[in-house]
Amino acid sequence: MGTKPSRARRHPLTLALLTDFGLADPYVGQMKGVLASRAPGVPVVDLSHGVPPQDIRCGRFFLRASLPFFPDGTLFVCVVDPGVGTSRRILWARSDRHSFLAPDNGLLEGLPLCECREVANEKLSLPVVSSTFHGRDVFAPAAAALAGGLAPAKLGPAHPLPQGKDEEPAIVFIDRFGNAVTDLPAEKAMGRTSVRLEGKSYGPLRRTYSDVGEGRPLALVGSFGTVEFAVRGGSFAESFGARPGQKVTAGND
Amino acid sequence: MGTKPSRARRHPLTLALLTDFGLADPYVGQMKGVLASRAPGVPVVDLSHGVPPQDIRCGRFFLRASLPFFPDGTLFVCVVDPGVGTSRRILWARSDRHSFLAPDNGLLEGLPLCECREVANEKLSLPVVSSTFHGRDVFAPAAAALAGGLAPAKLGPAHPLPQGKDEEPAIVFIDRFGNAVTDLPAEKAMGRTSVRLEGKSYGPLRRTYSDVGEGRPLALVGSFGTVEFAVRGGSFAESFGARPGQKVTAGND
Amino acid sequence: MGTKPSRARRHPLTLALLTDFGLADPYVGQMKGVLASRAPGVPVVDLSHGVPPQDIRCGRFFLRASLPFFPDGTLFVCVVDPGVGTSRRILWARSDRHSFLAPDNGLLEGLPLCECREVANEKLSLPVVSSTFHGRDVFAPAAAALAGGLAPAKLGPAHPLPQGKDEEPAIVFIDRFGNAVTDLPAEKAMGRTSVRLEGKSYGPLRRTYSDVGEGRPLALVGSFGTVEFAVRGGSFAESFGARPGQKVTAGND
């Protein structure tokens, strides 16, 4: 926690929502209804509701890669929650700049956290708590309470910081343009002679689409600062059958 | 209308949008442009734009099930409108807590309404009214006028309250996780030995996913307070070919 | 530019976003994070993120058709940008009522513009600019700076106004209801005896769906003020295999 003053605000000033609910169903709308009821006037930003259902790794990647772009004092409300209705815990945590609510399932791993608590205070939840939708019944009212100035200590007892596990770098999602986005940090591939997907080389890391000819594949530094596979003017995923989970490596050969 | 003071505000303080427009087309964006023009600063919340095209029963279900989560004084702007361009009426109505704009096609049935009017005042609409998009040309400007303090009596003449019809409980939609959500209130299935879909039993009503083993189907109290069919860790709709309209019953046998 | 005072505000009061990013990926969310960081409190309206990937013609159509519904002083941030990472320019432009940021790729053609500049001031961008996502790294911070009062002259040097090219009218997109929306202005088809798609006549232009029987096709004045092909109570696109790019004509025969 150090000695220099934290830029994390005592009260969150912006709520950012990250879920795997999609936007067709009314789940996100109901969460926003609760926020409008209990935290009127607090800005709510949709980070994404397009995390593939129950895909914790993708949710964690979206969260970690998006942090630099959000204001100091943002509270990220993260609901990718396959364990809803079981005894999994809900955590609140904070870094120097931001704070977070998420299930204790790995979503918060790898973040530069400095404090963590269990959200155990049932008085914060809606009067009736379903066993299937804690995003609305527990997360949203807790977020509203924090935005209203609730001291984090009132959420529940201190909890050890979530620890990251080592994972082999892989494709984490395919974006709308057919780019295959991996979680291999770009700096680990820079200067290497070949970037490989499931062992197949796509040459060295490029800077931009136009470094190759129209219709040609490439590996480049993508929008998340990680290695991304693309086809200039086309869809890498379609052309090469790429899908989440395929392993990426970089080496000299 | 009773004698105790209504919590419905004289002026709506929040606008909630419910449509079947989806979010790919610019229809919702144009409605929001009208609201930003005519009701600047009034908060707009998307309840859902994912009602299946022209599916009034699903729209009504989304609306009714979401009311408890929205603030007092919310005006719900509901546009599922297969009759646009015909002589169908547009209604304004209010309950004790909320108010509503919707076509007179059944969307508002089953709500606890206490007052209803026809929206007949053409001076409230945009200068040019299309015959295909009243959400933008009639509903949005009427909502903005109400948010600005227009007395509901200025909308048009009083209208009888919409009456609910009895419908056999059925699947109303399949959510993103493959859960089959029905409109059978959970309390009607509690304590019964079997909950059936199209006659096939899935056992008694369960409390939570973890009441059955991984990969097993169950009927449980869902996020809407109604009976929902699910597969723990899977998709009920995919595994069992469930689709909207299939009938649900609960009994002892 | 004339002599009467412009209704375009010195500072944009509303930001409207138009992209081809979709809403599943976190790209729009990251742009909103930048706006929340650098222009807190400025209203952001989503016009549409459903422009088909890299479809400049459709983006231009969405933009042009939506202008009348947005408030004076709106800045439209338009990112359909197949040339990102190449040497294509980014433009700022304004009309009498609105202003615009867009790549110099035709998105702004056909608008009633009165001033145009190149966005060349690199000091406005994020500290690190990716080669794949200028919407977040260049457009959003430039929009925030303008919303904060930056004089447009500080963006970069004056640039010639984008000129429109003549294009044969065609289907520009298929909407969620299966309507085939064209960019042929309705007034060019009014009074003609037949409106044709790829040479096949669908009769004269109708006013509303109910001008034909249930299940019958028609050409009508659509929600954009242009010719639209529809099936009453059905999907024109499905029934007739319509798709973007098919040519529409109107004549007497």
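In the predicted model, helix α1 (residues 27–38) of chain A and helix α3 (residues 134–147) of chain A approach one another with their axes within 9 Å, crossing at roughly 35°, and the crossing of α1(A) and α3(A) is right-handed. On the side of α1(A), the contact is made by A:Q30, A:M31, A:V34, A:L35 and A:R38, while α3(A) contributes A:G135, A:R136, A:A140, A:P141, A:A143 and A:A144. When the residues of this contact between α1(A) and α3(A) are sorted by class, 7 are nonpolar, 2 are polar and 2 are charged.

In chain B, the axes of helix α1 (residues 27–38) and helix α3 (residues 134–147) come within 9 Å and cross at roughly 35°, with a right-handed crossing of α1(B) and α3(B). Here B:Q30, B:M31, B:V34, B:L35 and B:R38 of α1(B) meet B:G135, B:R136, B:A140, B:P141, B:A143 and B:A144 of α3(B), and the contact of α1(B) with α3(B) comprises 7 nonpolar, 2 polar and 2 charged residues.

For chain C, helix α1 (residues 27–38) and helix α3 (residues 134–147) have axes that come within 9 Å and cross at roughly 35°, and the crossing of α1(C) and α3(C) is right-handed. The residues C:Q30, C:M31, C:V34, C:L35 and C:R38 in α1(C) are set against C:G135, C:R136, C:A140, C:P141, C:A143 and C:A144 in α3(C), with which they make contact; by class, the contact of α1(C) with α3(C) holds 7 nonpolar, 2 polar and 2 charged residues.

Helices α1 and α3 of chain A also take part in the lining of the second largest pocket, where these two helices, together with α2 (56–66) and β8 (180–185) of chain B, each supply at least two residues. The volume of this second largest pocket is about 1000 Å³, and of the 41 residues that line it, B:A65, B:P185, B:F224, B:G225 and B:T226 are the closest to its centre. The most is given to the lining of the second largest pocket by α2(B), which provides 5 residues. Divided by class, the lining of the second largest pocket consists of 16 nonpolar, 10 polar and 15 charged residues.

As regards confidence, the predictor assigns the complex an ipTM of 0.95 and a pTM of 0.95. The average pLDDT of chain A is 94, and 96% of the residues in chain A score at least 70. Over residues 1–5 of chain A, however, the pLDDT is below 50, and this stretch has 3 contacts in the model beyond near neighbours in sequence. Where pLDDT is low, the predicted coordinates should not be read in detail.

Methods. Residues are numbered from 1 along each chain as its sequence is written. Chains are lettered from A and ligands numbered from 1 in the order in which they are written. This is a predicted model: local features need pLDDT of at least 70, side-chain atom pairs count only at pLDDT 80 or more; totals for chains, interfaces and linings use all residues. Side-chain values use heavy atoms; hydrogens and water are left out. Axes are lines fitted to C-alpha atoms, for helices over the stretch in contact, and angles run from 0 to 180 degrees between N-to-C directions. Helices (H or I, at least four residues) and strands (E, at least two) are DSSP runs, numbered from the N terminus. A crossing is left-handed if the near helix is turned anticlockwise from the far one by less than a right angle, and right-handed if clockwise. Contact means heavy atoms within 4.5 Å. Ala, Val, Leu, Ile, Met, Phe, Trp, Tyr, Cys and Pro count as nonpolar, Asp, Glu, Lys and Arg as charged, and the others, Gly among them, as polar. pLDDT is the predictor's confidence in each residue, from 0 to 100. On a 1 Å grid over the protein atoms alone, a cavity is a set of points where a 1.4 Å probe fits but cannot get out, and a pocket is an open set with protein on both sides within 12 Å along at least five of seven lines; lining residues have an atom within 4 Å of a point. Grid points are joined across faces, edges and corners, and a volume is the space filled by probe spheres set on the points.
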